Amino acid sequence: MRDPRRRVAITGLGAICALGHTAAEMWDGMLAGRSGIGPITGMPTNRLTARIAAEITGFDPAKHFEPRRLLLLDRGAQLAVVAAREAMAQAGLQPDPAQAHRRSAIVAAVIGQTSLDAAYLAFYGQGATRVHPLTVPRIMTNGPASHLTMEFGLHGPSYAVASACASANHAIAAAADAIRLGRADVVLTGGADASVVPGVFKCWEALRVLSADTCRPFSRDRTGLVLGEGAGILVLEGWDHATQRGATILAELAGSGMTADGADLTAPDAAGAAAAMRGALDDAGLDPEEIGWINAHGTGTRLNDKTESAALHRVFKRPPPASSNKSMMGHCLSAGGALEAVATVMALRGGMAPPTANHREADPECDLDVIPNTARALPMQAALSNSFAFGGLNAVLAFRAAA
């Protein structure tokens, strides 16, 4: 059985997204309320209706990987490895053959969208009779997880978790469970995504949920979500394991709550979201009054923001401040929950809550303190981070300040 007394420490953070190439750069951008959303530059937009995204700029894969290695790496996997290198360096961990079977990688499943889109373009658009011979290794959804095991010599239980945009939160919860169950001492976890490609955009356009101007979560004039790309990776360790080796503990992953709405494939359900938040609180042994801030799912769509607000009111007599990182880094899909987990740890450590950027008008249907436009000093001992995915699959993480 899972031992709730086996505490889970967070000892390393890594991130790359539209706000910066490191966790510190991302956090600085968030505290400044800077939006990484802008006109798409990395692909043709003449056949697109929505022509904005939260793209990573200035990233040169050749500076991070040898040419032979790059042949096997889709952009999503590249981002995962880069973020993981940062997290492992902060944690002070190096490959250790003696500990290899006690170390794992459990991350979000990531389709190699850039490679898949390129293969389809070659075959259907350009009439090619062959595609790149390494297309399958590049597009397989366990690619990032496998590359992390090879990069850092991890031989413990490692796999990818698929639940749409809740994948990273589910993966982080599974990683914490692996530590609590005694299956691993160190787990690299989080997620990555690189879906800023024409085929993916056209599919999202068909849903009519993409914004044409920017992402305005919880604002009355919000018009939809904006896709982003990036990766967030956390190093989780057993608390005793971390303290015995003298690691700096950044925060505690105190608990998780996971539910299924069982109601609709695309429409969120307040009851399911509320149950996931209650589950995270119960697992962490926290009372609702102890939560100082909520990193909201906050996609910027009319229905999602309204439903999440209703769910918060079901759980909290008076909801704490709740803001959306997606207003600045876009909706990074399989990476979204991971980047938001990184931000939540940094909020706890710094006593600062990032804002909901681009906010212009309060919405009576979203009766929350969304920290509009300007970061706020907000000393806190505990926080939640929400992810509510298509398919009605919900995952909420509870974090506690290191003590």
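Biologist: Which element gives the most to the lining of the second largest pocket?

Modeller: This is a predicted model, in which local features need pLDDT of at least 70 and side-chain atom pairs count only at pLDDT 80 or more, while totals for chains, interfaces and linings use all residues. Residues are numbered from 1 along each chain as its sequence is written, and side-chain values use heavy atoms, with hydrogens and water left out. On a 1 Å grid over the protein atoms alone, where a 1.4 Å probe is fitted, a pocket is an open set of points with protein on both sides within 12 Å along at least five of seven lines, and its lining residues have an atom within 4 Å of a point. Helices (H or I, at least four residues) and strands (E, at least two) are DSSP runs numbered from the N terminus, and the element that gives the most here, with 5 residues, is α4.

Biologist: Which residues are the closest to the centre of the second largest pocket?

Modeller: This pocket has a volume of about 390 Å³, where volume means the space filled by probe spheres set on grid points that are joined across faces, edges and corners. Of the 13 residues that line the second largest pocket, the closest to its centre are Arg-47, Asp-117, Leu-121, Pro-198 and Gly-199.

Biologist: How much space lies in the largest pocket?

Modeller: The lining consists of 36 residues, and Ala-164, Cys-165, Trp-204, Leu-333 and Phe-390 lie nearest the centre. Among the elements that each supply at least two lining residues are α8 (198–207), α11 (302–315) and β13 (382–389), and α8 gives the most, with 4 residues. The space in this largest pocket comes to about 760 Å³.

Biologist: How many charged residues does the lining of the largest pocket have?

Modeller: Ala, Val, Leu, Ile, Met, Phe, Trp, Tyr, Cys and Pro count as nonpolar, Asp, Glu, Lys and Arg as charged, and the others, Gly among them, as polar. By that division the lining has 20 nonpolar and 14 polar residues, and the charged ones number 2.

Biologist: Which element supplies the largest share of the lining of the largest cavity?

Modeller: A cavity is a set of grid points where the probe fits but cannot get out, and the structure holds 3 cavities of 30 Å³ or more. The largest has a volume of about 60 Å³, and of the 14 residues that line it, the closest to its centre are Asp-74, Ala-77, Arg-138, Gly-143 and Pro-144. Two or more lining residues come from each of α3 (75–91), α5 (135–139) and α6 (143–152), and the largest share, 3 residues, comes from α6.

Biologist: Is Gln-78 buried or exposed?

Modeller: Gln-78 lies in helix α3. Leaving aside neighbours within four places in sequence, Gln-78 is in contact (heavy atoms within 4.5 Å) with Phe-59, Pro-61, Phe-65, Leu-70 and Leu-73. Buried means under 20% relative accessible area, exposed over 50%, and partly exposed in between, for a 1.4 Å probe and protein chains only; at a relative accessible area of 8%, Gln-78 is buried.

Biologist: How many residues of α7 are buried?

Modeller: Helix α7 reaches 20 Å from its first C-alpha to its last, close to the 20 Å expected at 1.5 Å a residue, the expected span being 1.5 Å times one less than the number of residues. The helix is largely enclosed by the rest of the structure, because its buried residues number 14 of the 14.
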